[in-house]
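Subject: Structure handover and findings

Dear colleague,

I am handing over the structure below, followed by an account of what was found in it. Please read the notes with the structure open beside them.

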Amino acid sequence: MAAAVSGLPDVSDRELIEGVARVVAVEGGVAWLEPEQTTACGGCHASATCGAKPGSARLVARRFAMANDHDFQVGERIVVGVAEDTLRRASLTAYGLPLAFMLVAGVTAQKLGGGDLGAAAATLSGLAVGLGVVRFKSLRQTKRGELAPHYLRRASGHDAECGVDRS
Amino acid sequence: MQDIILLIVGAALVNNVILARFLGLCSFMGVTTRVDTAIGMGAACTFVITVSSMGDWALERFLLEPYHLGYLRTVTFILVIAAAVQFTEATFRKFSPALFKLLGIYLPLITTNCAVLGVTLLLVEGKYGFMDSTLFAFASSLGYSLVMVLFAGLRERVALADVPRLFAGPPIGFITASLLALAFMGFSGMGAK
């Protein structure tokens with residue numbers, strides 16, 4: 001998460017998706033944040049009984065670092081944002097690329113007369129190559145700071161109500 | 001190549017998972033308040049459905065069918081889907097932690113998405129070969145994603161409209177969904193399988 005600390009691209013003129021995160025630790029100039037527990041859709045009124053609600057272990061895994069430029073304190077809640085196009089591109093990179101590689105490899109193997117098992121082997125190889133390309137691309141995006149959330153403001157009463165700002 | 005195109009058009013548009021088979025309606029109404037969340041959910045679902053269809057095909061072909069274990073099909077397929085979700089999550093956590101932190105929120109939802117199980121059960125009915133089965137699953141999930149994104153776009157516009165109080169929220173959402181389903185019925189005359 002080094003890229004989250006410095007060298008962030010400017011997102012002031014882009015549409016942002018907002019979420020609330022809690023400061024769980026401050027180490028020198030870096031604050032560690034944990035996203036607040038919400039349902040994925042953010043619109044369900046039965047969140048207390050939702051089976052898809054992420055557990056605490058999942059939230060720990062999704063902790064991220066941010067430069068402590070605004071004197072964050074442990075326990076404080078802040079609103080962070082990710083550019084809309086970043087989320088769109090990340091989805092297509094993470095899921096689209098491996099799928100494209102595995103389908104092209106599988107269809108090619110079948111057209112070359114590989115049969116079911118040949119196509120299956122080619123598809124799995126394509127999946128492995130696709131995941132490798134995703135790793136390479138995401139490392140580059142991480143270095144440029146494109147995948148890091150950005151500080152927007154401290155959480156207000158409105159943000160506290162539902163965990164997701166719908167403005 | 002023509003048979004592949006027909007298979008894809010048939011699975012994605014003519015027999016659309018959501019609007020023709022009525023599968024995945026929970027996420028259709030729940031995760032379509034914004035186009036971006038719909039894209040994230042659609043992409044994650046496409047990946048998981050395609051990957052789990054490969055595992056399901058292998059188990060059906062080499063285990064369930066030869067040993068007449070058809071009564072274990074549903075529970076086996078659910079296990080494969082859960083394993084595919086775990087595989088996806090573990091892979092992204094290891095290979096790309098930044099992407100996992102950004103997109104990981106959609107993955108648990110997929111385990112309980114009936115569209116995933118529905119598509120894999122449809123594959124058994126179709127008795128496809130490996131590649132046809134994988135392409136059918138991919139095309140079905142592509143149709144799912146397409147409808148999710150279209151519906152999310154419509155709901156974003158409807159949210160800005162002056163809707164009568166009694167129709168605001170889910171009611172206008174259902175009316176919009178029914179109009180979208182009517183539009184998709186136009187594909188039924190294409191005759192693709």
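Predicted model: local features only at pLDDT ≥ 70, side-chain atom pairs only at ≥ 80, totals over all residues.

Of the 167 residues in chain A, 32% are buried.

Chain B has nine helices and zero strands, so that its elements, read from the N terminus, run α-α-α-α-α-α-α-α-α. The radius of gyration of chain B is 18 Å, close to the 16 Å that the globule rule gives for 193 residues, and chain B is therefore as compact as a globular protein of that length. Taken along the principal axes, the box filled by the C-alpha atoms of chain B is roughly 60 × 45 × 35 Å. Buried residues account for 47% of the 193 residues in chain B, and of the contacts in chain B with a separation of 6 or more, 79% are between residues 24 or more positions apart.

Within chain B, helix H4 (residues 73-95) packs with helix H7 (residues 114-126) at an angle of about 125 degrees, their axes lying 10 Å apart, which makes H4(B) oblique to H7(B). The crossing in which H4(B) passes H7(B) is right-handed. On the H4(B) side the residues are B:Arg73, B:Phe77, B:Ile78 and B:Ile81, and they meet B:Val116, B:Leu117, B:Thr120, B:Leu121 and B:Val124 in H7(B). Sorted by type, the residues of this contact between H4(B) and H7(B) are seven nonpolar, one polar and one charged.

Between the chains, helix H3 of chain A (residues 84-111) packs with helix H3 of chain B (residues 35-64) at an angle of about 10 degrees, with their axes 9 Å apart, and H3(A) and H3(B) are therefore roughly parallel to each other. Among the residues that make this contact are A:Leu87, A:Leu92, A:Tyr95 and A:Leu99 of H3(A), together with B:Ile39, B:Ala43, B:Phe47 and B:Thr50 of H3(B). The residues of the contact of H3(A) with H3(B) divide into nine nonpolar, five polar and three charged.

Note on methods. Residues numbered from 1 in each chain as written. Chains lettered and ligands numbered in written order. Axes fitted to C-alpha atoms, helices over the stretch in contact; angles between N-to-C directions. Helix = DSSP H or I, 4+ residues; strand = E, 2+ residues; numbered from the N terminus. Parallel < 35°, antiparallel > 145°, perpendicular 65-115°, else oblique. Left-handed = near helix turned anticlockwise from the far one by under 90°. Contact = placed C-beta atoms within 7 Å. Nonpolar A, V, L, I, M, F, W, Y, C, P; charged D, E, K, R; others polar. Rg over C-alpha atoms; globule rule 2.2 N^0.38 Å. Buried ≥ 20, exposed ≤ 12 C-beta atoms within 10 Å, placed from the backbone.
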